[in-house]
Amino acid sequence: MDPSLPLPGSASTPIKQQYEEVRDLVLEYPPGAVGPLPDPEPDFGYRHGPHGRASLPFIPAVQKASLTSRTKRILERRCTVSGDCSVYNQCGVYPTPCIMPAGPGLGHSLTTTDDLAGAKSKPRPTLHFTLFYSAYEVTLTVSVLRVSNLPKKFGTGCDSYVRVYLLPRFMEPQQTSIRRKSLNPEFRESFHFSGYTLEEIKCFTLRFATYVKEFHNLKDTFVGEVLFACEQGDWQPDSPSAYTRELTTTKTKLKKCLSSQDVVSPSSSTGQTKLLGQLFILLQYQTLANRIKVMVRKAESLARLTRMPGSPDHYVIINLYQDGKVLSTKETKTSSGYNPVWNAPFLFDVPSGDIESLQLSLEFIVMQSRIYTRSGVLGRVVIGSNASETGRTHWREMSSRGHVESARWHTIQPDTF
């Protein structure tokens, strides 16, 4: 066979279209990119195979689409993100300009920081209250308005209340009434603290503690508290000032002061070699009935008179004096232990008239007794117009509050009378 002749089976007609499969994608070449094939040059080194078949026609290498082109075409098909899409224009057929995202990947999230900032944050419990100081009445008025955004875990049927402390003077709190079935309870109750100048008030701290009553718990659940330093208040002479504070979940551990006065003079503290304990007393002056209600609540950290083993019994004798004469005497029941609790109320009739000018005083004598032994006087507390500074302050509070009880801790003084 003449090597210059064309091989049998060779096709001289041009291939009109060619296709290339790229990962399940068929790319169509433009018609002008394919032309007639040139005649192949003779290969003198050609040899027939074992089966004597002729070779296939020679197809010139076609320029393949670049990796970037293929990737963009695939993503253009599979793109489901609304908004601007990237359009690839390889041959300049589409006039739409290419819009490339800022980043190596095209499937990035469209969430921005502004969208995150707009998300609703969980509201925290907040206390609303007002403060007002009357220089004429020498009284601080604390009004608890409401508590908002209690935790939803308590449910819409929760019952809540607020306790108010004036630290370090009043360790026993004053409490609002219970508001039922509300996560935003309205209280609008006022509490009065009398007998202190504005300069003394600025040295105190107000503590508001919020509790929720739950039937499955024996104790009320602590929600949060607000500690407000009175020196930070805006004390207007004519109008109350309103405040809003978020509740903190940290619970302050209170320490009882040695008496209703938190500061004890160095001479008295150094001269007293042994603390005899504290007595908690509530007083109420009933003006219309001309009588004084006295409640001996409890005592704490009472001292021992002897070294005998066992727990002694304690009781309190109460004397009402006028001009040094005893008008009436009451006595509690005995209670054992060094932290006895009595909760014993008594009523004392007093003469009519101005209670401040009647020269009245109350004496509380704490007695300690044991089996087969005589009772001994542990100490005493005096409250009245002729008492010490602590006793006079409590007496003034009782006289100025009307039907509101005044409660204080008192240090038991040694029996030196």
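A residue is called buried here when its relative accessible area is under 20%, a cut-off that the legends below rely on for this predicted model.

**View 1. Helix α5 and the residues buried along it.** Helix α5 covers residues 389-401, and those of its residues that count as buried are Thr 390, Gly 391, Thr 393, His 394, Trp 395, Glu 397, Met 398, Ser 399 and Arg 401. Just after the helix comes Gly 402, which takes a positive phi of about 75°.

**View 2. An open sheet of four strands.** The strands of this sheet follow the order β7-β4-β3-β10, and their pairing is antiparallel. Strands β7 (186-194) and β10 stand at the edges, where each has a single partner strand, so one side of each is left without a neighbour in the sheet. On average, and with direction ignored, neighbouring strands of the sheet are turned by 20° against each other.

**View 3. The pairing of β4 with β7.** Strand β4, made up of residues 139-148, pairs with β7 in the antiparallel sense, and seven bridges link the two strands. Within this region of the sheet, Thr 139 stands opposite Ser 194, a residue of β7.

**View 4. Phe 129 in strand β3.** Phe 129 belongs to strand β3, which runs over residues 126-134, and this residue counts as buried because its relative accessibility is 0%. When residues up to four places away in sequence are not counted, Phe 129 touches Ser 143, Val 144, Leu 145, Phe 208, Phe 228, Ser 241, Ala 242, Tyr 243 and Arg 245. Phe 129 and Pro 240 are 111 residues apart in sequence, while the distance between their C-alpha atoms is 9.9 Å.

View 5. Ser 241 is found in strand β10, which comprises residues 241-246, and Ser 241 is buried because its relative accessible area is 9%, below the 20% cut-off. The side chain of Ser 241 is joined to the side chain of Tyr 243 by a polar contact of 2.8 Å, and a polar atom of the Ser 241 side chain also lies 3.2 Å from the backbone oxygen of Asp 234. With neighbours within four places in sequence left aside, Ser 241 is in contact with Phe 129, Thr 130, Leu 131 and Asp 234.

Key: Residues numbered from 1 in each chain as written. Predicted model: local features only at pLDDT ≥ 70, side-chain atom pairs only at ≥ 80, totals over all residues. Heavy atoms only, no water. Buried < 20%, exposed > 50% of the residue type's maximum accessible area, 1.4 Å probe, protein only. Contact = heavy atoms within 4.5 Å. Polar contact = N/O pair within 3.5 Å; in protein donor to acceptor, adjacent residues only side chain to side chain. Expected span 1.5 Å × (residues − 1). Pairing = 2+ DSSP bridges. Axes fitted to C-alpha atoms, helices over the stretch in contact; angles between N-to-C directions.
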